[in-house]
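This briefing concerns the strand pairing and backbone geometry of the structure shown below. Please keep the sequence and the model at hand while reading.

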Amino acid sequence: MRANIISIWTGRAGRILKAVLVMLLAFDLCLPARATQVMVVSDLHYMARELYEGSELFLRALRAGDGKITQYGDALMAALCEEVVRQRPDALLVTGDLAFNGEKASHEALARWFARIEASDIPVWVMPGNHDINVSTARRFDGDGWEYTQTVSPEEFREIYRDYMSPEADGAAANLSYVAKVSDRLWVAMTDAAFYQGEAQAFGLFTADHAAWLERVMREAGDAELITASHHSLLPQTEFSRDSYVMLGNETMLALDRTYGVRLHLSGHLHVQHIASRDGVMDAALGAFCTWPHRYALVTRREDGSLEYEAKSLDGALLPGGFLQMSKAWFSDIAKAKARASLPEGTENIEMLADYAARFNLAYFAGTYRSDDPSWREDPAYALWQQQADNPFWQYMRLVMDEPNADNLHRKIP
Ligand SMILES: [Fe+2]
């Protein structure tokens with residue numbers, strides 16, 4: 001038997017076998033070493049069904065809102081779970097505003113969705129936003145009425161999401177900040193700069209305690225790539241979003257990022273898909289998951305040291321038939337109504353103006369508006385809007401148009 005094996009190995013069949021083995025080995029050596037990839041979502045604003053089911057008042061409130069399609073939160077979460085399992089990232093990061101408005105029941109239901117993702121061996125890491133903890137206006141809707149419902153304290157938040165935060169998130173000096181150690185090569189400093197002491201506030205605050213915690217993390221990270229993340233923006237994304245969207249104390253955090261070579265910061269809060277860069281640090285504000293086109297991002301750290309950020313949107317095939325068109329129309333109708341309401345009654349061509357404003361607003365929020373696209377200024381409605389100099393909707397559009405908006409979806413950092 002042994003002689004037979006030797007003769008096969010040294011014979012023609014053996015030579016072919018050896019050639020195949022050498023080819024396989026060479027192919028393996030040519031493959032890039034495994035990259036680390038995280039998937040990011042933000043501003044889910046998920047609401048437990050029992051808090052709104054069958055309520056006309058809730059739908060009216062959403063129609064007067066900012067495009068959230070919260071009444072389909074379960075369909076969106078089901079699609080997200082499928083998308084995560086299909087992409088198989090090394091982790092899913094959620095950068096705050098998990099609940100619609102801080103309801104305890106919403107957090108508990110959302111934690112069950114995250115359990116479905118972790119059942120596929122993909123870790124989920126969450127942080128709170130300004131709509132998650134100590135929200136005094138958390139409501140339950142019923143028919144045409146509503147009542148206040150229970151929100152969560154920082155301790156309850158930590159308890160509900162204990163499987164999706166590190167025990168390091170102890171609510172001490174740096175709130176619920178912790179490090180998501182995605183791999184040996186990639187750490188994410190989940191920086192909780194939301195302000196909810198007493199009662200939730202819209203602003204974020206990066207304190208001296210946050211700075212001390214973050215600097216310790218940066219030292220510990222060693223050779224691992226460190227990405228920072230917070231709910232509020234690190235950098236001003238646009239002129240109209242300076243107030244309350246950028247965390248207070250951002251310059252301190254930016255200085256730390258620069259000192260320790262952090263190249264990428266992840267944020268949400270703005271609901272607009274937008275990227276800003278300063279001094280070698282890029283802040284990618286992720287569009288809200290709860291509004292069309294239902295953004296998420298993939299961040300890839302390759303072995304050659306490069307980082308890639310790519311904003312994507314949920315695949316319509318994972319959603320009920322026609323969902324994306326319906327969700328777009330929902331957002332568009334809300335924007336049109338706001339534009340109409342901003343114009344004096346009897347304004348000529350009001351529908352043309354409203355339609356333009358809605359198209360502009362949706363493109364801007366989706367991160368697809370580009371200031372180098374001449375069609376926006378060539379549109380006949382543009383000239384009509386120019387006659388509305390004092391109109392707040394026009395002033396918002398002007399501000400955006402006057403800023404450089406190029407590719408807000410994709411960046412590669414070599
Ligand atoms: Fe939000």
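In this predicted model, strand 1 (residues 36-41) and strand 2 pair in the parallel sense, with four bridges between them. Strand 2 spans residues 91-95 and also pairs in the parallel sense with strand 3 (residues 124-127), again over four bridges. The points below follow these strands into their sheet and then turn to backbone features in loops.

- Five of the five residues of strand 2 are buried, which leaves the strand mostly covered.
- Ala91, Leu93 and Thr95 point one way from the strand, Leu92 and Val94 point the other way, and all are buried.
- Towards strand 3, leucine 93 has tryptophan 125 as its bridge partner.
- Together with helix 5 (residues 104-118), strand 2 and strand 3 form a right-handed β-α-β unit.

- Six strands make up an open sheet with mixed pairing, in the order 3-2-1-12-13-14.
- Its edges are strand 3 and strand 14 (410-413), each of which pairs on one side only.
- On average, neighbouring strands of this sheet are turned by 20° against each other, direction ignored.
- Strand 13 (residues 307-313) and strand 14 run antiparallel and are joined by four bridges.
- Within this pairing, glutamate 308 stands opposite lysine 412 of strand 14.

**Backbone features in loops**
- Most residues other than glycine have a negative phi, and most peptide bonds are trans.
- Arginine 88, in the loop between helix 4 (73-87) and strand 2, has a positive phi, near 45°.
- Why does arginine 88 count as exposed? Arginine 88 is exposed because 11 other C-beta atoms lie within 10 Å, and the cut-off for this class is 12 or fewer.
- Aspartate 121 also has a positive phi, near 65°, and is placed in the loop between helix 5 and strand 3.
- Aspartate 121 has 8 C-beta neighbours inside 10 Å and therefore counts as exposed.
- The peptide bond from tryptophan 292 to proline 293 is cis, with omega near 5°.
- Proline 293 belongs to the loop between strand 11 (281-285) and strand 12 (295-301), and strand 12 has a place in the six-stranded sheet.

Notes. Residues are numbered from 1 along each chain as its sequence is written. This is a predicted model: local features need pLDDT of at least 70, side-chain atom pairs count only at pLDDT 80 or more; totals for chains, interfaces and linings use all residues. A residue is buried if 20 or more other C-beta atoms lie within 10 Å of its own, exposed if 12 or fewer, and partly exposed in between; C-beta atoms are placed from the backbone. Helices (H or I, at least four residues) and strands (E, at least two) are DSSP runs, numbered from the N terminus. Two strands pair if DSSP finds at least two bridges between them. A crossover is right-handed if, with the strands pointing away from the viewer, the path from the first strand over the helix to the second runs clockwise. Axes are lines fitted to C-alpha atoms, for helices over the stretch in contact, and angles run from 0 to 180 degrees between N-to-C directions.
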